Amino acid sequence: MTEPAASYAVPRAGGGHSDYIVYVDESGDHSLTSIDPDYPVFVLSFCIFRKAEYAQAVTPVIRQLKFATFGHDMVVLHEADIRRKKGAFSRLSKEPREVFMNALTDIIGAADFQLVAVVIDKRKLKDRYNNPAHPYHLALEFGLERIYRLLKGAGQDDALTYIVCEARGAKEDAELELEFRRIRDGANYFHRPLPFDLIIADKKTNSEGLQLADLTARPIGLTVLRPDQANRAAEVLEGKFYRDWTGNKLGVGLKVFP
């Protein structure tokens with residue numbers, strides 16, 4: 001008779017890490033000199049996962065979908081590539097594409113994570129301020145402040161949480177790291193150090209968390225720009241937003257500025 005496999009509790013490595021991890025991606029660009037009239041916003045989307053849920057439920061089901069669709073799990077799910085039918089997505093005919101899209105939407109809907117998103121209206125930012133802040137850095141500050149509140153509410157504000165961002169280039173990454181440390185070390189709403197550290201991941205990193213963050217950012221931007229337009233992806237994300245005790249997401253899990 002075969003004995004059942006043993007179940008082991010995984011100890012916290014180092015003892016000081018939180019139970020959460022945050023993946024971040026953007027939609028739109030941060031330029032204030034050339035603003036796309038069709039998409040004049042910059043969006044930073046923060047997907048906050050419990051590590052246990054992420055490792056045991058989220059990553060396996062995404063890999064299974066990749067195996068079922070492409071035969072391997074090396075395809076990186078980029079929203080722009082899916083929308084424009086580029087790379088591996090160019091080889092999907094209509095029916096397999098629909099099956100894939102429906103399955104991916106269902107996976108995102110079922111995934112247990114919380115969402116904080118910051119949408120910067122670049123036209124209003126430029127018009128309202130003589131010396132407007134960098135949209136990415138501004139969105140990062142708003143996002144980290146809200147994640148700190150979320151973690152504090154979960155009793156995790158005394159442990160280290162990693163914020164994982166996708167690399168954008170040597171100059172941009174250096175600027176991001178400097179700005180992150182400035183905000184983390186006390187230049188924030190709370191005027192106190194925040195329990196965060198930054199990981200900048202290569203664009204080729206096949207991280208399910210970064211891919212989910214990428215898939216969420218543009219639908220959120222489109223919802224803010226065109227709230228009356230049908231947007232199935234945004235409907236799925238609606239229940240993910242971090243909210244206050246009254247159920248309000250505006251200014252809490254969704255910050256639109258200015």
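Which residues in α1 meet which residues in α7? The views below start there. This is a predicted model, so local features need pLDDT of at least 70 and side-chain atom pairs count only at pLDDT 80 or more, while totals for chains, interfaces and linings use all residues. Residues are numbered from 1 along each chain as its sequence is written, and side-chain values use heavy atoms, with hydrogens and water left out.

**View 1. Helices α1 and α7 pack at an angle of about 75°.** Helices (H or I, at least four residues) and strands (E, at least two) are DSSP runs, numbered from the N terminus. Tyr 54, Val 58, Thr 59, Ile 62, Arg 63 and Lys 66 in α1 meet Glu 208, Gly 209, Gln 211 and Leu 212 in α7; contact here means heavy atoms within 4.5 Å. The two axes lie 10 Å apart. Axes are lines fitted to C-alpha atoms, for helices over the stretch in contact, and angles run from 0 to 180 degrees between N-to-C directions. So α1 and α7 are roughly perpendicular to each other. (Angles under 35 degrees count as roughly parallel, over 145 as roughly antiparallel, 65 to 115 as roughly perpendicular and the rest as oblique.) By class, this contact has four nonpolar, three polar and three charged residues. Here Ala, Val, Leu, Ile, Met, Phe, Trp, Tyr, Cys and Pro count as nonpolar, Asp, Glu, Lys and Arg as charged, and the others, Gly among them, as polar.

**View 2. Helix α1 (residues 51-70) also packs with helix α3 (residues 94-110).** This time the angle is about 175° and the axes are 11 Å apart. That makes α1 roughly antiparallel to α3. On the α1 side you'll find Val 61, Ile 62, Leu 65, Thr 69 and Phe 70, and on the α3 side Phe 100, Ala 103, Leu 104 and Ile 107. Eight of the contact residues are nonpolar, one is polar and none is charged.

**View 3. Six strands make an open, mixed sheet.** Read across, the order is β5-β4-β1-β2-β3-β6. The edge strands, β5 (196-201) and β6 (254-257), each pair on one side only; two strands pair if DSSP finds at least two bridges between them. Neighbouring strands are turned by 20° against each other on average, direction ignored. Strand β4 (residues 160-166) runs parallel to β5, joined by six bridges. Helix α6 (residues 170-184) packs on the sheet, touching β4 and β5.

**View 4. Nine names surround the largest cavity: Asp 25, Val 76, Leu 77, His 78, Glu 166, Thr 205, Leu 210, Gln 211 and Asp 214.** On a 1 Å grid over the protein atoms alone, a cavity is a set of points where a 1.4 Å probe fits but cannot get out, and lining residues have an atom within 4 Å of a point. The volume is about 30 Å³, meaning the space filled by probe spheres set on the points, with grid points joined across faces, edges and corners. Helix α7 (residues 208-225) gives the most to the lining, with three residues. The lining splits into three nonpolar, three polar and three charged residues.

View 5. Most residues other than glycine have a negative phi, and most peptide bonds are trans.

Conventions
On a 1 Å grid over the protein atoms alone, a cavity is a set of points where a 1.4 Å probe fits but cannot get out, and a pocket is an open set with protein on both sides within 12 Å along at least five of seven lines; lining residues have an atom within 4 Å of a point.
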